Amino acid sequence: MDKETSNKIFTTEREGQLHFFENFGIDIKGENEVLIAYTDGVHNGNIFEFKLSINNTQQVLFQAVKYLSRLRITGHPVPKNILLISLNQSRVYIFDSGDYFDEIHEIYYGGASKSNDGFEIKKQPKEIDYSTDIGADKVLKLLRENNFTKIKID
């Protein structure tokens, strides 16, 4: 992780997403497909949802849950870790997808970023400030996790 990350301000989510992947050694062009099912990325047992700044964690979490539903429906494994990344604050919010088992088994129509008001967080997330060496090390450890949530096959 380079030191300029803590001072970097991004103007687009894509710019921040690519910077995050590069700094944490995630190859988006390699054999393991990272950018799948219109998500911001899936790596090992982690799904990413990037925002320049996260002001409403509930709305962003619901967007990620909709993507997990889409992954389930299309036959992809459902990552255990939901990582919401607030790029300009260098902060990761970590949720367990197992806590949203029922919601992942719903079918959602329309864009994942639409109509996300009113979603309730079941457990408060763990938070990591990855602008520090300790925080970056915690994120690296998390990115190595390769756990998935068991789902119902229908």
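1. Let's start with a charged pair: Lys122 and Glu103 form a salt bridge, with 3.0 Å between the closest N and O atoms. The two ends come from distant parts of the chain, 19 residues apart, with Lys122 in the loop between α3 and β6 and Glu103 in helix α3. A salt bridge here is a side-chain nitrogen of Lys or Arg within 4 Å of a carboxyl oxygen of Asp or Glu. Lys122 counts as partly exposed because its relative accessible area is 47%, while Glu103 is buried at 17%. For those words, buried is under 20% relative accessible area, exposed is over 50%, and partly exposed lies in between (1.4 Å probe, protein chains only).

2. A word on what you're looking at: this is a predicted model, where local features need pLDDT of at least 70 and side-chain atom pairs count only at pLDDT 80 or more, while totals for chains, interfaces and linings use all residues. Residues are numbered from 1 along each chain as its sequence is written, and side-chain values use heavy atoms, with hydrogens and water left out.

3. Now the overall layout. The protein has four helices and seven strands, and along the sequence they follow the pattern α-β-β-α-β-β-β-α-β-α-β. Helices (H or I, at least four residues) and strands (E, at least two) are DSSP runs, numbered from the N terminus. Of the 154 residues, 45% are buried.

4. Five strands make an open sheet with mixed pairing, in the order β1-β2-β4-β5-β6. The edges are β1 (42-43) and β6; each has a single partner strand, so one side of each is left without a neighbour in the sheet. Two strands count as paired if DSSP finds at least two bridges between them.

5. Going through some of the pairings: β1 and β2 (residues 46-51) run antiparallel and share two bridges, with His43 partnered by Asn46 in β2. Strands β4 (residues 81-86) and β5 (residues 91-96) are also antiparallel, joined by six bridges. Then β5 pairs with β6, again in the antiparallel sense, over four bridges.

6. Which residues have the most contacts inside the largest nonpolar core? They are Ile47, Leu61, Val65, Leu68, Ile82, Leu84 and Phe95, in a core of 19 residues. Helix α2 (57-73), β4 and β5 each supply at least two residues of this core, and α2 gives the most, with eight. A nonpolar core means a set of buried Ala, Val, Leu, Ile, Met, Phe, Trp, Tyr and Cys residues joined through side-chain atoms within 4.5 Å.

7. Two backbone angles deserve a look. Most residues other than glycine have a negative phi. Asn44, in the loop between β1 and β2, is not a glycine and yet has a positive phi of about 50°; at 30% relative accessibility, Asn44 counts as partly exposed. Ser90 has a positive phi near 50° too, and sits in the hairpin of β4 and β5, which has four residues between the strands. Ser90 is buried, with a relative accessible area of 4%.

8. What lies 70 residues from Ser90 in sequence but 9.5 Å away in space, C-alpha to C-alpha? That would be Phe20, which is found in helix α1 and is buried at 3% relative accessible area. Helix α1 (residues 13-23) also holds Gln17, buried at 5%. The Gln17 side chain makes a polar contact of 3.1 Å with the side chain of Arg14. (A polar contact is a pair of N or O atoms within 3.5 Å; within protein, one must be able to donate a hydrogen and the other to accept it, and residues adjacent in sequence count only if both atoms are side-chain atoms.)

9. Back to charges: the structure holds five salt bridges. Among them is Glu127 with Arg91, closest N and O atoms 3.5 Å apart, which ties strand β6 to strand β5 across 36 residues of sequence. Glu127 is partly exposed at 48%, and so is Arg91 at 24%. Another is Glu49 with Lys51 at 3.4 Å, where both residues are buried.
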